[in-house]
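Subject: Structure handover

Hello,

Here is the structure I promised to pass on. Please open it alongside this email. My notes follow below.

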Amino acid sequence: MEVLKEKVEEEEEAERAERGEKMMRPMEVRKEETIMTQEMLRDLERKLSKIEVSIPEKPSTFTKDAIDISKLPLSYQSNTPKEEHLLQVADNFSRQYSHLCPDRVPLFLHPVNECEVPKFVSTTIRPTLMPYPELYNWDTCAQFVSDFLYAVPLPDPLKPPSYLYSSTTVLKYQKGNCFDFSTLLCSMLIGAGYDAYCVYGYGSQDLCHMDLTREVCPLTVKPKEMVKEEEKAPPKKYAVKPPRDLTSRFEQEQEIKRQEAIKAEEERRLKQEEERLVEQESAKTDPLHGLRVHSWVLVLSGKREVPESFFIDPFTGRSYSTQDDHFLGIESLWNHKNYWVNMQDCWNCCKDLVFDLGDPVRWEYLLLGTDKPLLSLTEEEDDGTNDDDDVENLGKEDEDKSFDMPCSWVEQIEISPEAFETRCPNGKKVIQYKRAKLEKWAPYLNNNGLVCRLTTYEDLECTKTLEIKEWFQNREDMLELKHINKVTGLNIDYFKPGHPQALRVHSYTSMQPEMDRVMEFYETARVDGLIKREETPRTMTEYYQGRPDLLSYRHVNFGPRIKKLALNSAESNPRPVVKITERFFRNPAKPADEDVAERVFLILDERIQLRYHCREDRITASKREFLWRTEGDSKGNKIIMTPDMCLSFEVEPMEHTKKLLYQPEAMMKLKNEEKLSRHQAWESELEVLEILKLREEEEAAHALTISIYDTKRNEKSKEYREAMERVMHEEHLWQVEAQLDYLAPFLAQLPPGEKLTRWQAVRLKDECLSDFKQRLIDKANLIQARFEKETQELQKQQQWYQENQVTLTPEDEDLYLSYCSQAMFRIRILEQRLNRHKELAPLKYLALEEKLYKDPRLVELLKVFV
Amino acid sequence: MNRLCDMEPRVMDDEMLKLAVGEQGPRDEAGQLAKQEGILFKDVLSLQLDFQNILRIDSLWQFENLRKLQLDNNVIEKIEGLENLTHLVWLDLSFNNIEAIEGLDTLVNLEDLSLFNNRISKIDSLDALAKLQVLSLGNNQIGNMMNIIYLRRFKDLRTLSLSGNPVAEAEDYRTCICAYLPDLVYLDFRRIDDQTKELAEMKHQYSVDELKHRESLMQARLEDERARREELAEHEAAFVEHLNGPFLFDSMYAEDVEGSQLSHLPGVGELLQTYKDKFVIICLNIFEYGLKQQEKRKAELDTFMGCVQEAVQEKQEQGKHKIAKFEEKHLLSLSSIRDESELTNFEIKMAEYSEDITELANVLMTLEMQLVEQLEETINMFERNIIDLVGLFVENVQSLMAQCRDLENHHHEKLLEIAISTLEKIVKGELDEDLPDAVRSLFVDKDTIVNAVGASHDIHLLKIDNREDELVTRVNSWCAHLVDKIHKDEIMRNRRRVKEINQYIDHVQSELDSLECSDLLD
């Protein structure tokens, strides 16, 4: 809105005063309230100062002294003329506002920033779209802000702070109060295209202290099972009628009544219990209720397909409906373009507020001419008639109509990828919920890959642990979630696809073999199509899917071990198998009467039972049972099949005249298959052992994987990159050398720009060569000189040594010996170098000559000599 | 041919077959069993009857499941008696005296056929052998290369032997066969290499292309024919075939001599045309209506069948569930009975168990009876509905046919008028146009011409009546058949289920009895 003209006529003033009174009437309730509480407040403050001293867990260390302002840009340290103007406008607005509404607290308009410069709040918001796709949606964005910053309580819980720092500083020090939080979040949300506003208002104690101990942890809330309404097909024309119900309806009714009575009783009991609990929990009431200043973010519906307006608490990153009990009132709100003051009554918290910012009756604006939504037409006209006059008075003098919000003085918000990944300050964060504790870590912070741990407690004081859930990331063994139930002792590990044994879920009470455990697998990754293996001390059940032999189920019963050996394991002393049950899916290629559905090997009884699949139009299935006796008869002959060895029940005896003739063959086949099944059972046991061993190893090693795209952590790629850089560097050096012009010093002696004559060229060549020759000789001389010097030195020392050999202490002798060896080494090296130089010098000379002949500048002129 | 016939030619009989089966049957342990029990011809899969001097194939009808049959080196002169061996995959008739290929029309599964060293001079009668892969026709008397073209219809044919035939002596024998049978892999037991194939293709390209063209034309014609037949079948199912055009009208005039003569009269042509148009429109109406009604009937039938299926399925599931529960219990109780040592307890348990069996029988039977009742009701409802539908259809068709008759009557009147006026003109000698003599002869007197027109009219009415009667009788008989079949099916289903239940109960009971016996014996 614009500012009133200074030269307001007296009459108008008087009139407005009257109207102001009128307007005040609806606000009276609130006014009284505030006065009451303010009185109470003082009282309480006194009391509180005596009683509760221990509340501030951490002193607000975020003071100005700690901030390094020297590196901040100029816009932080001064105001542009436009900003100055805006401040004047704001001051004017504030004056009029306090005049018109003397009972309301002063507005939060232009607190000072970290450089002690007053800045208008709207210009502190710097809309920025973050480069991380995770931060494109409001929920992740809010979660990030709540994780990234460390919350500092307001210096005075009843007043807005006198300062408001830029997001740059807040992000740098990773701490801030609720206003810093909401400013940052608002900047990010507006940047992402949301219609977001910073709100200055009043919140509940839990909200202001970031106290979630009364909230249920969102991770513990079980997703509500979607009750699928089974679509009942309309009864078809010829659907059969159900058979007549012959039971007594009266009895049914009585039964139902009885059941209902029991249920009601149960419910009543539960309700009482719950009420008791609630009472217990909400025993403490806040004496400062309704006065605690808080700042949060309002997101209005419309943009980014937001269907309904909602609040975001920046401390916790949670969203609340605008009707929520935690939000007790709104003084004002602003975005990067404008500032609105709430003119609605907040006696019923925020439940009755209408967020139609185009309505000047409900929301008094500071600047006109911003593109705020117009007054929606659905509003009842008469609603605002009695007090809209004064609003007009406040805003209609349009001196500053063309004035709009200056650009933000804050730099673009920048978050480095490292900081983004680390998220929380120091990469760790703990949140206490009702009966739950949530701990978060940055990835790679813990060397076992732990990123999140949720501990659930039985009681409110959080002493008895119920269960622990741990989430992992980047584990080499693909462990994703570990669920430990402290009550039953049951551990459940969940794996992502990619475990070497295709493990999906592993639930167990102990890692000892042959105990109760369930292993589930990614069956598509396994050759044998195993889905699940359940074990109890005496049985093992396996479920299969998608096998070519259509096996779907195998159940093995074990007997007790025969001998007590020192080493009892499946490998050395397998338990005897008592019974194997196998089930198969229907094989459509075979007739049902020949397709085995289930076969049971009773190994001790030497009996095999077969059950076949049921034909489609049948309710009974064929069965066959084989019994055999391994011992021959008394004469030692093999026993021939007799009818009592093969009992069978045929669904259609006429169709299949299966004679005894074919049974021996079938039986032999089954015997072989029995052996195979036993072998497979044994292999399964071995596999369990192997998996357990592997798991133990993995737990012990807990290696983490590093993505090949992660250039910072991936050592290999780092090495490779560095090597590449080195190669590049060397190449560069070489190129520089190659570009060195050996003719340049000689050409410089000649007058520039002229073409060389042949004589000159020859001279040039000779000079160059002779120069090079000289250099080679110089070098040789230098080496020679050094060599001689070393040799002389050595001789001198030797002489000295021989002279004083008798009087020398052992230390001196050692010194001498070490010197000698070093000197000898140096001499040897110099000798080598000299020899090498002698060898190479002529070659180098010839090479230069060759090069000179081929030099493009001389080639023409020297041709004749070649 | 070149074998010594030192033995009497023989005819296959049971004895010979038994001997052969016994010899080729299982050995060792199973063989002893086989001796004890004997082997059913039905179960034999492969049979070898070579060097038996067989003259005539006979007595093979019992070998329903035979896969492989060897009849080589006999003196068979005619292929016969193989009609029942529909599962046959391999048939060896080499070294016989067969003169013509015949009697193989039912062997649709045959893949390997050997007719080596016979007296065959023409390849034919193999149409049914769609799966044929190997054909051996060496040492025969096939002389005409055109026989190869006959083999083009076997898409799976990979191996062919024709050596030793007159045709194989031709110069381009190999290339010719390769060209006409491009999918062939082995010829005369030798693999056809790519070079030969290419050569053959080049050499015979034109004739093969021509052949292909002819074949494709033939194929197209056949497909047209089939499509037409299918359409007709569809119309027939709707009982309105030949009503989607002027067929009925044309048939009315087909046998009507007078009618066609009268059409030469002045003005009759136009009259006939309008009459025809109107008639055809009504016919089309009937046709459309018929198709629509057919769809309706079909939908009705489908819903009915679906519902019946559902109900049956549900009861089946219930039955299966009951049986599964019973079996679970039964397993436990049987073993506990077995372990029981005390006689009184044993008897109590036995009694309990047999009670359980009765209970199960009762439950299953109750389920079945419920289903029967439900289905009966549903079937009756369906019967009523379908009869109503058919009745409605007949009624409407009849009313449309009545329109046809009206048209005919109208036309008849008009025609009579024209005829009489023409007669008058002729009598007066005013007729300008020339009429054919046959027509002119009708106009002798009034009676003649009236009779002629009347006869034509009668024929037309008769045709219409016939068509109508045909439609009505057919639709009614269809309906009766359908209802009858549904009833019968239901009865059959019920019988089968009852039988199944009884069998099962008997089985369980006998198990119990045997236990009792054995225990008493102990």
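Is Asn474(A) buried, partly exposed or exposed? Asn474(A) is partly exposed, because its relative accessible area is 26% (buried means under 20%, exposed over 50%, partly exposed in between, with a 1.4 Å probe and protein chains only).

Some ground rules. This is a predicted model, in which local features need pLDDT of at least 70, side-chain atom pairs count only at pLDDT 80 or more, and totals for chains, interfaces and linings use all residues. Residues are numbered from 1 along each chain as its sequence is written, chains are lettered from A and ligands numbered from 1 in the order in which they are written, and side-chain values use heavy atoms, with hydrogens and water left out.

**Two loops in chain A**

Asn474(A) sits in the loop between β13 (465-472) and β14 (479-485) of chain A. Strands are DSSP runs of E with at least two residues, helices are runs of H or I with at least four, and both are numbered from the N terminus. The phi of Asn474(A) is positive, about 60°, although the residue is not a glycine. Most residues other than glycine have a negative phi.

Arg304(A) also has a positive phi, near 50°. Look for Arg304(A) in the loop between β4 (293-300) and β5 (310-313) of chain A. Arg304(A) is partly exposed, at 25% relative accessibility.

**A hairpin in chain A**

Strand β23 (residues 607-614) pairs with β24 of chain A in the antiparallel sense, over 6 bridges. Pairing here needs at least two bridges found by DSSP. Leu610(A) has Arg624(A) as its bridge partner in β24(A). A hairpin of 6 residues links β23(A) to β24(A). In β24 (residues 621-627) of chain A, 5 of the 7 residues are buried, so the strand is largely enclosed by the rest of the structure.

**The sheet in chain B**

Chain B has an open sheet of 8 strands with mixed pairing, in the order β2-β4-β5-β6-β7-β8-β9-β10. Its edge strands are β2 (46-48) and β10 (190-191), each pairing on one side only. Inside the sheet order, β4 (residues 68-70) and β5 (residues 90-92) of chain B pair in the parallel sense over 3 bridges. There, Leu69(B) has Leu91(B) as its bridge partner.

**Helix α5 of chain B**

Asp194(B) is found in helix α5 of chain B. Asp194(B) is exposed, with a relative accessible area of 56%.

Best wishes
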